[in-house]
Amino acid sequence: MRQQSSENHLVTQVNPKSPISESYRVLRTNIQFSAIDDHSVQVLMVASAKSGEGKTTTVSNLAVTYAQEGKKVLLIDGDLRKPSLHQLFQQTNRVGLTSLLCGQQLLQEVIRDTNVDNLSLITSGPIPPNPSEILGSQRMVALLAELRETYDVILFDTPPVLAVTDSAIISSYCDGVILVVHAGKVKKGLVAKAKSNLDHVKAKLLGVVLNNNSRNKSNDDYYFYYGGNE
Ligand SMILES: Nc1ncnc2c1ncn2[C@@H]1O[C@H](COP(=O)(O)OP(=O)(O)O)[C@@H](O)[C@H]1O
Ligand SMILES: [Mg+2]
């Protein structure tokens with residue numbers, strides 16, 4: 001099966017019956033199973049050691065997959081360094097999470113519908129000089145408490161774990177973390193370091209997605225292996 005370029009398209013939306021979309025549904029199911037003995041996994045983030053490993057791709061397709069199941073889903077761009085969800089969903093980024101956390105906009109002004117039913121989006125908003133402080137603010141804590149009342153599933157896109165502390169901060173709001181590893185590209189040591197950074201802040205790692213996106217570029221293959229509880 002040939003796909004077009006993966007830029008600006010979400011396979012789960014465009015081609016929900018494809019094997020790739022099925023693999024996102026498997027991931028969704030595995031996340032649900034990982035919560036059996038635990039609290040339910042309502043707030044999730046997708047992390048990776050470095051950039052370009054597939055965080056944005058994974059979290060967006062996962063969000064679409066939850067929405068297709070009928071869940072009320074909110075996707076938040078927590079990558080305040082190099083945001084990209086607005087591009088993927090073809091939305092303006094004039095206002096977003098940062099405008100909300102700085103008190104310039106109200107929640108209802110920054111939450112947008114997407115062209116996927118049940119899926120809402122908060123883009124990053126303008127890039128601030130102090131992303132870590134903003135993400136760690138009391139406003140952010142209060143925001144998450146409020147959003148938990150409204151949405152079944154809340155997903156965060158994040159910057160690389162090894163680059164900045166932002167993703168560790170975001171993990172403190174999450175019930176679970178999915179680690180994306182670009183298989184074959186990122187050295188084991190870096191993955192281990194990313195994991196230990198997340199462990200250090202007591203993030204709950206639910207599993208690892210091996211995203212082998214260089215295996216066959218012309219076909220844009222997506223491969224996912226769920227790593228259980230590691
Ligand atoms: N499994 C995959 N197969 C093909 N292309 C992929 C896959 N995962 C990611 N990509 C592409 O790789 C690039 C980087 O992915 P992205 O999700 O933006 O990574 P990150 O958010 O971790 O920086 C994007 O162009 C994306 O479309
Ligand atoms: Mg990204």
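For residues 217–230, under what value does pLDDT stay, and how many contacts beyond four places in sequence does the model have? The model is a predicted one, and over residues 217–230 its pLDDT stays under 50, with 30 contacts beyond four places in sequence. Residues 1–6 also have a pLDDT that stays under 50, and for these the model has 7 contacts beyond four places in sequence. Where pLDDT is low, predicted coordinates should not be read in detail. For the chain, the average pLDDT is 89, and 87% of the residues score at least 70.

The chain has 230 residues, of which buried residues make up 45%. Its secondary structure comprises 10 helices and 7 strands. Among contacts with a separation of 6 or more, 75% are between residues 24 or more positions apart.

**The sheet**

An open sheet of 7 strands is present, in the order E3-E4-E2-E5-E1-E6-E7 and with mixed pairing. Its edge strands are E3 (112–113) and E7 (205–210), each of which pairs on one side only. Strands of a sheet pair through backbone hydrogen bonds, either parallel or antiparallel.

| Strand pair | Bridges | Direction |
|---|---|---|
| E1 and E5 (residues 153–157) | 4 bridges | parallel |
| E1 and E6 (residues 176–181) | 4 bridges | parallel |
| E6 and E7 | 5 bridges | parallel |

Val46 has Asp157 as its bridge partner in E5, and Val46 stands opposite Ile178 in E6. Further along the sheet order, Val180 has Val209 as its bridge partner in E7.

Are the residues of strand E1 buried or exposed? Strand E1 (residues 43–47) is mostly covered, with 5 of its 5 residues buried. Cover is found on both faces of E1: Val43, Met45 and Ala47 are buried on one side, and Leu44 and Val46 are buried on the other.

**Helices against the sheet**

Helix H10 (residues 188–200) lies across E1, E6 and E7, and runs at about 170° to E6.

Helix H3 is mostly covered as well, since 14 of its 14 residues are buried. Just after H3, Gly70 takes a positive phi of about 95°.

**The nonpolar core**

Which residues touch the most other members of the largest nonpolar core? This core has 59 residues, and the members that touch the most others are Ala63, Val73, Leu75, Leu155 and Val177. Helix H3 (residues 55–68) gives the most to the core, contributing 6 residues.

The surroundings of Leu75 illustrate how this core is joined. Leaving aside residues up to four places away in sequence, Leu75 touches Val59, Ser60, Ala63, Leu85, Leu119, Leu121 and Leu155. Two of these partners, Ala63 and Leu155, are themselves among the core members that touch the most others.

Technical notes: Residues numbered from 1 in each chain as written. Chains lettered and ligands numbered in written order. Predicted model: local features only at pLDDT ≥ 70, side-chain atom pairs only at ≥ 80, totals over all residues. Buried ≥ 20, exposed ≤ 12 C-beta atoms within 10 Å, placed from the backbone. Helix = DSSP H or I, 4+ residues; strand = E, 2+ residues; numbered from the N terminus. Pairing = 2+ DSSP bridges. Core = buried A, V, L, I, M, F, W, Y, C linked by C-beta atoms within 7 Å. Contact = placed C-beta atoms within 7 Å. Axes fitted to C-alpha atoms, helices over the stretch in contact; angles between N-to-C directions. pLDDT = per-residue confidence, 0-100.
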